[in-house]
Amino acid sequence: MKKFTVLMAALFTFAAMAGTAVAAEKIVFRFAGQQPTEHLCTKMMHDFAKEIGEKTKGRVEIKVFPANQLGSYELVMEELIRGTVDMSVTSFASGFDPRFDVIYTNGIVSSYDEAKKVFMPGAWLPNKLVELGKPLGVNVLGSYIEGFIGIASRKPLKEPLNPKVDKGVLVRVANMDVYNLGAKAMGFRTITIPWADIYQSMQTGVCDAVDGMSTAAAFTTLGDVMKYWYATNYSFEYLPLMVSEKAWKKLSPEDQKIFREAAKNFTLKSINTAQSEDTKYMQLMEKKGIKVFRYTDEELKPIKQACVGIWDELGKRGLTPELMRGLREHLGK
């Protein structure tokens, strides 16, 4: 009987120790990115990982894989859905749901002050992205805003803030309704050209201007061929901060709260960084002899209103009338 009691005590002790070991086991997340290793976005991903590691006291470790090391953004989103990739800062793969393209709709915000209100987790648009991701098993935690988009041109635009006037240039747009219809609403004639061919097309006159580039991208890509930059702020470079629902469920409520707070910090930091980067690259443009046009929120209103005017049409082309009505109600003023 005594031997039995000792044996049972040993078993209970072993079970308790095993339970403690399991509870203390570190969670390791794979964090996928699509930007190069030296990109600011990748640096922010490392900062996010460090913040999580410190605030969870080592309970959660995040390993960053930039530069598409875990695959293209389409593959990464598929792996997020499966749970084989835990987190990412990569583009939405709208093949899973075309409504994700709502984030690229022209005219949502025109200034960084607006962006801080519109993109902070808990606001209408982030909540809508959460709603779209949930059926797929993807949790949209935050946003990376790289910078506002404008028009890079080798010719001066005619009345750039008057959407009723033809701008006198042929502008390259991405092969997406949100950009094509938006550019036409602002008074541009459009042509679709692959990203890799933009520089040569502008250099040889196949197109006169380019729609769809942030300030930094325009300077680094087209700095030798563009002569004018119009900071029309009709759209922005955007990447979602996402976590697989399967990975999310591995976290305790306490650690989920830490992740949400870190996602807010990530979003706000990206917006502040984007604003300073825009200023930096516009100054570099001017030093290079490129004519830069900056505008106030009030001056940009006609462009915003023109872009809002095509939202109903976008609702008929995959973004759904219901979604675009919500967008108009909350962000169309």
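The crossing of helices α5 and α13 is right-handed, a crossing being right-handed if the near helix is turned clockwise from the far one by less than a right angle, and left-handed if anticlockwise. The structure is a predicted model, in which local features need pLDDT of at least 70 and side-chain atom pairs count only at pLDDT 80 or more, while totals for chains, interfaces and linings use all residues. Residues are numbered from 1 along each chain as its sequence is written, and side-chain values use heavy atoms, with hydrogens and water left out.

Helix α5 spans residues 124-133 and helix α13 residues 321-331; helices (H or I, at least four residues) and strands (E, at least two) are DSSP runs numbered from the N terminus. Their axes lie 10 Å apart and the packing angle is about 160 degrees, where axes are lines fitted to C-alpha atoms, for helices over the stretch in contact, and angles run from 0 to 180 degrees between N-to-C directions. α5 is therefore roughly antiparallel to α13 (under 35 degrees counts as roughly parallel, over 145 as roughly antiparallel, 65 to 115 as roughly perpendicular and the rest as oblique). On the α5 side, Trp124, Leu125 and Lys128 meet Leu323, Gly326, Leu327, His330 and Leu331 of α13, contact meaning heavy atoms within 4.5 Å. By class, this contact of α5 with α13 has five nonpolar, two polar and one charged residue (Ala, Val, Leu, Ile, Met, Phe, Trp, Tyr, Cys and Pro count as nonpolar, Asp, Glu, Lys and Arg as charged, and the others, Gly among them, as polar).

Asp177, Val178 and Leu181 of α6 meet Glu313, Leu314, Arg317 and Leu319 of α12. The residues of this contact comprise four nonpolar, no polar and three charged.

For the chain as a whole, 13 helices and nine strands are assigned. The C-alpha atoms fill a box of roughly 100 × 45 × 30 Å along the principal axes. Of the 333 residues, 50% count as buried (buried means under 20% relative accessible area, exposed over 50%, partly exposed in between, with a 1.4 Å probe and protein chains only). Among contacts between residues at least 6 apart in sequence, 74% join residues at least 24 apart.

The largest nonpolar core has 61 residues, of which Phe92, Ile103, Ile108 and Phe119 touch the most other members; such a core is a set of buried Ala, Val, Leu, Ile, Met, Phe, Trp, Tyr and Cys residues joined through side-chain atoms within 4.5 Å. Strand β4 (residues 138-153) gives the most to this core, with six residues. Another core, of 27 residues, lies apart from it and includes Val60, Met87, Val89 and Ile258. Methionine 45 lies in helix α2 (residues 40-55) and is buried, with a relative accessible area of 1%. Beyond its neighbours within four places in sequence, methionine 45 is in contact with Phe31, Ala32, Gly33, Val64, Val89 and Phe266. Serine 214 lies in strand β7 (residues 209-214) and is buried, with a relative accessible area of 1%. Leaving aside neighbours within four places in sequence, serine 214 is in contact with Glu146, Gly147, Phe148, Ile149, Trp229 and Glu237.
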